[in-house]
Amino acid sequence: MSELISTTVSAEIKTSASEGLLLSHPPVSLKTSRSAPASTDLLINQPLDPQAQFSMAILRLLEVEPIDDGYSHPAEEVMENALKKDKTLTSAWIEGIYLENFKRPAMATGILRCVGRLKNSLVESSGRNMARRGLSHPDVEVREAAIRALETWGGQESVETLKAFIDNEPVFWLKNYLTQVITDLSKWH
Amino acid sequence: MALNFLARKISRAKWEPTPYTGPEGIRADAITGSCLRTQNDTIIENLRGRHVDLINLTMTQIIFLATDSAVKIRQNAGFYLFTKRAVLEKLRTAVNSGRLTLDGLNDKVKLEVLNSL
């Protein structure tokens, strides 16, 4: 998949995302691709399949709007609505987007943070797989997002996953945080 | 008014040096993200008057603030990381003491606090 350079906010996608209409979204115009010169703007007139539409919407939403604590993100809403419609299929799509973008720390972080805010019952093993993989990411922001996801979901499974990882965490403050999370979760469960 | 301290929510990971920033560089999104998002929506009434709006800072001031903050943060000084559990404890204490009403919280947080009471 080529990386998209999004220079404008797509109002259509934002509206669709907030209304949960994504899966029936109309064809989307792609402005530019990094693999092509800017002068040869690519316009796709053919309707994209639902998975491609979903993937494109998630990535665009993550590109145009930062994820802030305390504020829900439109990508999170898109994921939640799609998961409620078809958990198995959507989980696979989200995991696919995550793996495709794993080497782009900002994207991997964004996806993990959104997934981490969803209920454990919605994301289940797929979310936990993503978080587990994120714990070994070379970028500290991705690892932090993975820890926070597991912290939010909680449970003995999170404790075991975090315990197995703690000796590998090289960053001092994150290791301290991780230790505290393990303590908190162990007390809770 | 003398400013003894200023509290802002930051994303700690964004303040880590990266190969492209070099050891002293600062990622732009460390300071342009939630750190500067500002709105006087402080839900504890007696803290509302202490809100400092950062939105009118100039680029020069932002750079000064970021540089000063980065030094401290990277020395692991002057910042605190709160786990979800710790935040819930603080909210619960504030609710129990009457400083905070549950109505001021968003639904997700309200539910979490209610479950912890």
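Q: Helices here are DSSP runs of H or I with at least four residues, strands are E runs of at least two, and both are numbered from the N terminus. In this predicted model, what pattern does chain B follow when read along the sequence?
A: Start with the elements: chain B has five helices and zero strands. Read along the sequence, that gives α-α-α-α-α.

Q: What share of the residues in chain B is buried?
A: To count as buried, a residue needs 20 or more other C-beta atoms within 10 Å of its own. Chain B has 117 residues, and the buried ones make up 15%.

Q: Where in chain A is confidence highest?
A: Chain A as a whole has a mean pLDDT of 81, with 75% of its residues at 70 or more. Over residues 1-42 of chain A, though, the pLDDT is below 50, and this stretch still has 67 contacts in the model beyond near neighbours in sequence. Strand E1 (residues 4-5) of chain A has the lowest mean, 34, while the highest, 97, belongs to helix H4 (residues 87-100) of chain A.

Q: Are H4(A) and H5(A) roughly parallel or roughly antiparallel?
A: Their axes sit 9 Å apart and the helices pack at an angle of about 155°. Angles over 145 degrees count as roughly antiparallel. So H4(A), relative to H5(A), is roughly antiparallel.

Q: In the contact of H4(A) with H5(A), how many residues are nonpolar?
A: H4(A) passes H5(A) in a left-handed crossing. H4(A) brings Ile94(A), Ile97(A) and Tyr98(A), and H5(A) answers with Ala108(A), Ile111(A) and Val115(A). No polar and no charged residues take part, and the nonpolar count is six.

Q: On the side of chain B that touches chain A, how many residues are charged?
A: The contact takes 14 residues from chain B and 14 residues from chain A. By class, the chain B side has two nonpolar and four polar residues, and its charged residues number eight.

Q: Is Glu124(A) buried, partly exposed or exposed?
A: Glu124(A) sits in helix H6 (residues 120-134) of chain A, and its phi is near 45°, a positive value in a residue other than glycine. Most residues other than glycine have a negative phi. Buried takes 20 or more other C-beta atoms within 10 Å, and exposed takes 12 or fewer. Glu124(A) has 16 such neighbours, so it counts as partly exposed.

Q: And Asn76(B), is that residue buried or exposed?
A: Asn76(B) lies in the loop between helix H3 (59-74) and helix H4 (84-96) of chain B. Its phi, near 55°, is a positive value in a residue other than glycine. With 11 other C-beta atoms within 10 Å, Asn76(B) is exposed.

Key: Residues are numbered from 1 along each chain as its sequence is written. Chains are lettered from A and ligands numbered from 1 in the order in which they are written. This is a predicted model: local features need pLDDT of at least 70, side-chain atom pairs count only at pLDDT 80 or more; totals for chains, interfaces and linings use all residues. pLDDT is the predictor's confidence in each residue, from 0 to 100. Two residues are in contact if their C-beta atoms, placed from the backbone, lie within 7 Å. Axes are lines fitted to C-alpha atoms, for helices over the stretch in contact, and angles run from 0 to 180 degrees between N-to-C directions. Angles under 35 degrees count as roughly parallel, over 145 as roughly antiparallel, 65 to 115 as roughly perpendicular and the rest as oblique. A crossing is left-handed if the near helix is turned anticlockwise from the far one by less than a right angle, and right-handed if clockwise. Ala, Val, Leu, Ile, Met, Phe, Trp, Tyr, Cys and Pro count as nonpolar, Asp, Glu, Lys and Arg as charged, and the others, Gly among them, as polar.
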